[in-house]
Amino acid sequence: MAPETKQFDDDFDHRFKIYRELMDWKVEDILLISTQYNAWIMEEDARLSERIIHEYRGLNLSHPPRLTWSSSAAEALESLGRQNFDLVIIMPPIPDMEPFILGEKIKQKVPGLPVILLTQHVLPARFDMSPEVTRGIDQIFFWSGNTDILVALVKNTEDRVNVSKDIEKAGVRIILMVEDSPSYASIILPLLYKEIVKQAQAVMEDVVNEEHRLLTMRTRPKILLAENYEDALHFYERYEEYIIGVISDTRIPKHGELDSYAGIDLLSKIKERRFDIPLLLTSTQANNREKAGKIPASFVDKNSSTLLAEIHSFILESLGFGDFVFRSPDGKEVARSSNLRSFENNLYVVPDESILYHWLRNDFSRWLFARSEILLATRLRPANIDDFSRDIGKMRQYLISNINARRKWRQKGVVVDFDAHDFEPEMDFIKMGKGSLGGKARGLAFATSRFHRNQEINRKYPEIRIYVPQTLVITTDGFDNFIEENNLAALSRTDITDEKIAKTFMQGNMPQWIEDDLRAYLLKVHYPLAIRSSSLFEDGQIWAYAGLYSTCMIPNDDLDLEARLEQLMKAVKYVYASTYFAGPRAFAKRVGHHIEEEKMAVIIQQLVGERFGEYFYPSISGVAQSHNYYPFSHMKPEDGIATIGLGLGRIVMEGEKTLRFSPKHPQILPQRSTVDDILKNAQRYFYALKIGTMVTAESVLDEEALLEKREVSDALDELPIKLLSSTYFPAEGIIRDTSSGNGAPVLTFAQVLKHKTFPLAEILDDVLKMMRNGMGCPVEIEFSVNLCTGPECLPEFAFLQTRPMTARAEMTEVDINQEDIDQAVFYSTQSLGNGIKDDIADIIYIKPDVFEAGKTPRIAMEIGKLNAKMLTENKKYMLVGPGRWGSTDRWLGIPVKWPEISGVNVMVETAHPELNAEPSQGSHFFHNVTTLGITYLNIGHSGDDFVNWDWLTSLPVVDETPFLAHAKLDKPFVLKADGRTTTCVIVP
């Protein structure tokens, strides 16, 4: 038996030697062509190198891939001439060249170099995707904020290159995927890779040691992606013996044309040759299920809200890195480190011979490279023993000092992993979990990085603290764990009320790791907190999802730690629950997202403000945009616009009475031009957090229990109002910029905007410019200001949030001439949108003769009912009404929410004597309008604008409610919107 055992041992060792040779070609150098913002996302939030090591260590990498970033086509082509790259990722927009042309030039310069287009929006069906146009791009993927796609595209590129050699050496298996849609490929491909890794890890539970585990995992099945019938059949015929399953779309290109039956033909042919092979047919047409059954093959409807779950089920049912170990020269372990902190601590105590042993082998730099500590590793690697005169003590101190400096430095302006034993409240930005930060937190983390790297703004304003409040993010895997452990996924597919969804989530148990980490966090944090959403799709460059999810605020001042913990967990659960609320569901449906794809990260952020008696609030809250859609006087669009108010930011984001100004021209205030205007438009209410009172876990969800809408007149003795108010003297009919005297205080912000006691306009101008340059597009930011007086008091500007504004650069020219205006029934010089629409024949309008400002909530409900009917009939429509759409102040406009207008295609705001509201700009509602491509007209704030009410009210009415009429035209009207001039006409 000994020979057999010997032979077995030889085969065993030989097998692992072969595994070392697998996945021989690796993506080690990636050229990323993108804006600064997109590059930062992939490095910080996606952490491409770190994610590959963490999730797939040993699959193909001994060192992490290196990312080289270029911000233009010219710079990228120059880089290709200097350095060898294994993969190019183009992430539009690219400022100086179209991506497909750039792909061709890359192929001309380096033939055979893989080039991937990672787009942030689905290419329209009308887009020319012919081989002549796309020949410079190997594959197109869709970036939705899910970091898994970044790993998947690298893995898939490596699989295509390594598949033939690895099959020849070890007979690895293949899953063949046939899909021509970048959006669906970007959903399914990451799921396949995650499931394959999970399976490989499960199989490896009984291998002999960690090294063998990692080497064996290199035998995991590969995935080959084909985009047409011919390529799919070629792959199958070449690797037939090794293919363990096929997933194919139904409608794929065949002979250069889309063929509705090509996927069925492919799977039928494969089934004829191998009766036992698992097959999955996918389609957007549910009636193809029957055709799949005849093959036979499993079937998944792409429109299903359970798409991912069904594919996951098919994979399960049908298909089936480590610590640094300090050693002595003889190989004996003397210490072990799992992170930089323990690494630094061990460096103090390990023997000299161990330091020398690892130094001579470059083990220190190698381990650091693997952990993506590129800067530190690059610094350590060139040093040799002679640099320290062979003094081991000096070498040790060099290591310790560099590790310590790096540890402290990396906590500034970057995202730090939460460690219950290592947490310090001074850390800027911390995350719990290994998932994505989500859209809102991603933007906030990017801002933290920008402030850290651009110290000139702090040098310019030395007497003001400009900062991002301390922020903790529970990443999306916390949401995944919560949903899975409490079996809540089905709620994404129900139509139950928001209240019932919230109640169900409140009854769920928080994953233990989140509860433990939050308890450790609260042990050191005692200031008020804002708990905010950060979903994957939120604050994206294409769709904003702005204001659709929930936010909670808690005072966090209970003496009982467990009580504070319970309050915080309730708030987190409520944010989780809002993922499945009606508003996000309606918005997702409108933009073609599956709500099941959505994942929620949660931001826990220090609430900015000061305590005044029983209340906590900032002096100023506001929102600012780097692009002003409605410039007037000598303002320019690029001068930007800001809206500010006293107290918490809810007053601004929900469109109540506030003050609007341009940071470049803070003294031009059109609604404050006369004393009467100032008195009429001055802010009279503000929001504050109640503090110092008993708070129960249940009251966390009750805004009225924690937030109070206070009258400005009730807080005249509080410092912010004293610093921001002027005084009205009725007898003289004048307003003086002072809060003293016998007159009536009026909130004007004159001390800040006019007399510059705090340089708010200048700071906003600088911050907007910095963020716009970093993100490569116009931006919107949210902020708060704390004012104070006294020698030891430092005023604060707190940066709370950033999001990209809707891109407006790629505009086709739309000409509107005088003839168009003469024939128009609607004309606006303050509109949003660009292009021509000629497919709308339905108009829902508020009847002008029966409108009552006090009935606006009822009108919103009636709009919701008609909207639901229009959705059922799949009809686009135009909505016309007075005041500001989406305002929470019923006296400023119609307080509709997204589910009530989710089918609208054109919106018109008209003037009305009972509603005195400025055009929408800066609110969450307005931001979603712009990102959805809804054409928006404001009519009545310019003397040239008009609505032909006689024409509108004469149209035949096909449906009506007490306040609404639904008119139907014989043929669609023609809408022309010129985004360059903000002019729009509607011609019947």
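Two strands count as paired if DSSP finds at least two bridges between them. Strands here are DSSP runs of E, at least two residues long, and helices are runs of H or I, at least four residues long, both numbered from the N terminus.

This is a predicted model, in which local features need pLDDT of at least 70, side-chain atom pairs count only at pLDDT 80 or more, and totals for chains, interfaces and linings use all residues. Residues are numbered from 1 along each chain as its sequence is written, and side-chain values use heavy atoms, with hydrogens and water left out.

I'll start with strand β33, residues 796–804. Strand β17, residues 465–467, runs parallel to β33 and is joined to it by three bridges. In that pairing, Y467 stands opposite A798. Strand β32, residues 779–786, runs antiparallel to β33, with eight bridges. There, V779 has P804 as its bridge partner.

Next, two helices. The axes of α23, residues 512–524, and α24, residues 561–577, come within 10 Å and cross at roughly 125 degrees; axes are lines fitted to C-alpha atoms over the stretch in contact, and angles run from 0 to 180 degrees between N-to-C directions.

Which residues of α23 meet α24? They are I514, E515, L518, R519, L522 and L523, with contact meaning heavy atoms within 4.5 Å. On the α24 side, the residues include L561, R564 and Y576.

Note on methods. Buried < 20%, exposed > 50% of the residue type's maximum accessible area, 1.4 Å probe, protein only.
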